[in-house]
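Dear colleague,

My notes on it follow.

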Amino acid sequence: MEQVGDIASRIEQLRREIDQHNVRYYLQDDPAISDAEYDQLFCKLQFLESQHPEFQTPDSPTRRVGAAPLKSFTEVHHRTPMLSLNNAFNEQEVRAFDARVRETLGNDCVEYAVELKFDGLAINLTYRDGQFVQGATRGDGRAGEDVTENLRTVRSIPLRLAVPGEIEVRGEVLMFTHDFEQLNMQQRARGEREFVNPRNAAAGSLRQLDSRITAKRHLSFFAYGIGLTEGVSLPATHQGQMAQLASWGVPVAALNRVVNGVEGLLNFYREVGEQRAFLPFAIDGVVYKVNDIALQQRMGFVSRAPRFAIAHKFPAEEAMTIVLDIDVQVGRTGALTPVARLQAVFVGGVTVTNATLHNEDEIRRKDVRIGDWVLVRRAGDVIPEVASVVVSRRPADTREFVMPAVCPVCGSHVIREADEAASRCTGGLVCPAQRKQALLHFAGRRAMNIDGMGDKLVEQLVDAKLVSTPADLYKLTIPDIAHLERMGEKSAVNLLDAIAKSRHTTLARFIFALGIRNVGETTARDLAQHFGALNNLMAAGFERLQQVHDVGPVVAQSIVEFFAEAHNGSVIEQLRSLGVRWQEHEPQADIILPFSGKIFVLTGTLVKLSREQAKETLQALGAKVSGSVSKKTDYVVTGADSGSKLVRAQELGIAVLNEEELLLLLKDTHD
């Protein structure tokens with residue numbers, strides 16, 4: 001039998017371990033273990049303390065929530081504690097919770113309010129006489145961090161409420177999945193550390209000392225309760241109070257309702273579980289609360305949680321496993337993505353055997369090696385990824401990953417540009433992995449403009465092995481394509497007519513259609529104007545290319561590498577031999593167009609010109625058309641419903657033109 005001293009020692013060890021993990025999770029936003037492993041530690045401590053109450057202490061992790069506030073922020077003492085929730089991990093624990101509630105209240109069937117459990121950061125918003133006056137994190141439940149100025153930047157949080165008196169709105173700050181992916185994309189582009197998950201991204205963003213950084217992070221907010229109130233009349237049920245908040249303009253998640261009894265709870269859990277992968281934000285469970293506020297007060301609280309509520313957690317979305325190998329996949333755009341082949345592990349309700357490692361820099365930053373023990377994360381329908389390495393379990397015989405020098409699919413050279421994290425295959429016109437994307441780009445409206453050549457048709461042509469390169473499009477016959485789904489003979493004739501029509505193009509369109517890395521429409525136009533003929537461009541060296549307007553070392557290198565691949569040259573020769581042609585001229589590198597060096601921004605809806613027509617006209621006259629307003633912008637052209645770009649232009653004192661003024665300006669260039 002375990003000795004009393006051993007039990008006391010085990011309890012103390014668990015407390016220290018949980019405290020350390022709390023600091024990593026709540027303060028450093030850098031968890032060392034998965035949520036499931038943390039929950040196991042916490043449950044062990046709760047069990048030991050319940051069996052040995054003589055060892056309970058006021059400073060136990062079971063008596064508080066999270067960790068102390070950061071010293072960088074002013075401390076805010078909550079006038080009513082921000083408590084956590086006890087957890088249920090299976091149906092039996094939910095039934096036990098319902099039985100306790102019914103026994104305490106003496107009711108045969110209890111009415112519950114049910115809602116989502118967001119995976120974000122709990123906050124308290126204080127409104128006084130309708131004004132948002134303070135916002136604080138939960139911290140340790142009794143004192144948190146004053147993050148008022150940062151919360152003011154969260155657009156979904158109302159700064160005014162049509163409510164007299166004082167009210168505390170409690171809820172969760174979170175980051176939607178799309179915003180999280182965009183943030184990590186920006187972090188990668190800047191060579192900065194990526195966030196592990198949306199919850200950590202939201203927490204890290206809200207704790208910025210500079211609120212201007214927070215404002216750029218696209219945080220969101222949902223209310224889940226009300227704290228202290230003074231002079232405010234509220235409905236008598238939780239659901240009614242949430243509806244009242246929503247009527248005042250406070251965001252409340254739509255997926256909530258009132259149910260009766262334990263079967264209502266379990267049905268809601270299953271329903272949300274089926275929808276979870278399609279939600280635009282991360283959740284890690286659902287929450288059940290006794291709906292009647294008076295009954296909540298009757299039930300009361302334990303030291304760290306209410307008795308009238310519980311969180312029903314979903315299966316863990318992080319788990320530990322071994323990296324068996326690291327392979328490379330080639331994407332539709334030619335990017336090489338390292339993929340970890342894993343020892344099968346059950347994560348978030350599914351068995352996972354592969355996980356993305358993003359790129360070579362990420363592998364180096366996380367120091368992932370073949371043979372390592374790693375934490376694997378899966379959130380909804382997002383591709384599983386390796387979150388971190390468990391260095392303490394690293395075997396002695398691990399091997400480092402080396403990015404291949406040639407494409408594993410087509411054998412073309414692999415390059416990595418100086419300002420990019422991704423390595424890429426250079427075989428754009430011939431690489432099977434890039435084939436569909438290359439064909440769609442080639443046939444696009446701004447490239448060869450082949451009407452009717454959409455995603456589904458390209459899929460069919462490639463899958464039926466009718467087309468491998470853009471040149472094969474010009475070899476198609478009516479019998480080849482009439483039998484394809486949704487085609488028929490008439491559609492086949494129309495498609496072949498569109499392909500035939502595309503044979504007559506311009507050099508600028510053809511260059512753009514080739515899909516050369518970093519060569520967009522404007523650059524293709526500049527190259528066509530500068531060199532006059534395709535052969536001149538293909539023969540140009542690295543230094544010669546940089547004489548073209550706005551062509552720097554990165555773009556020049558992409559062009560050199562593209563034409564250096566023999567198979568790309570072969571496809572170009574096939575296209576020429578099949579009748580694709582354009583007008584060529586002597587190089588005109590020194591021509592100065594009316595708007596050379598000028599930067600335009602278009603905003604709002606134009607009437608006489610479409611935005612695309614205006615853009616093409618301006619570019620043909622030498623202008624650069626940008627999507628954002630900056631100090632370098634020369635003109636902002638406004639149409640109906642112009643928004644923030646107009647405001648920004650006015651702030652910077654930039655010339656603003658309406659559509660009529662733009663047309664007059666264009667007319668002047670021809671006079």
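Helix 23 (residues 644-652) lies across strand 21, strand 23 and strand 24, and runs at about 140° to strand 21; helices (H or I, at least four residues) and strands (E, at least two) are DSSP runs, numbered from the N terminus, and axes are lines fitted to C-alpha atoms, for helices over the stretch in contact, with angles from 0 to 180 degrees between N-to-C directions. Contact here means heavy atoms within 4.5 Å.

This is a predicted model, in which local features need pLDDT of at least 70 and side-chain atom pairs count only at pLDDT 80 or more, while totals for chains, interfaces and linings use all residues. Residues are numbered from 1 along each chain as its sequence is written, and side-chain values use heavy atoms, with hydrogens and water left out.

The sheet is open, its four strands pairing in parallel in the order 22-21-23-24, where two strands pair if DSSP finds at least two bridges between them. Strand 22 (624-626) and strand 24 (655-657) stand at the edges with a single partner strand each, so one side of each has no neighbour in the sheet. From one strand to the next, the twist averages 30°. Strand 23 (residues 635-638) pairs with strand 24 in the parallel sense over three bridges, and V637 stands opposite L657 in strand 24. Helix 22 (residues 611-620) also packs on the sheet, touching strand 21 (599-603) and strand 22, and its direction makes about 175° with that of strand 21.

For the chain, the secondary structure comes to 24 helices and 24 strands.

Best regards
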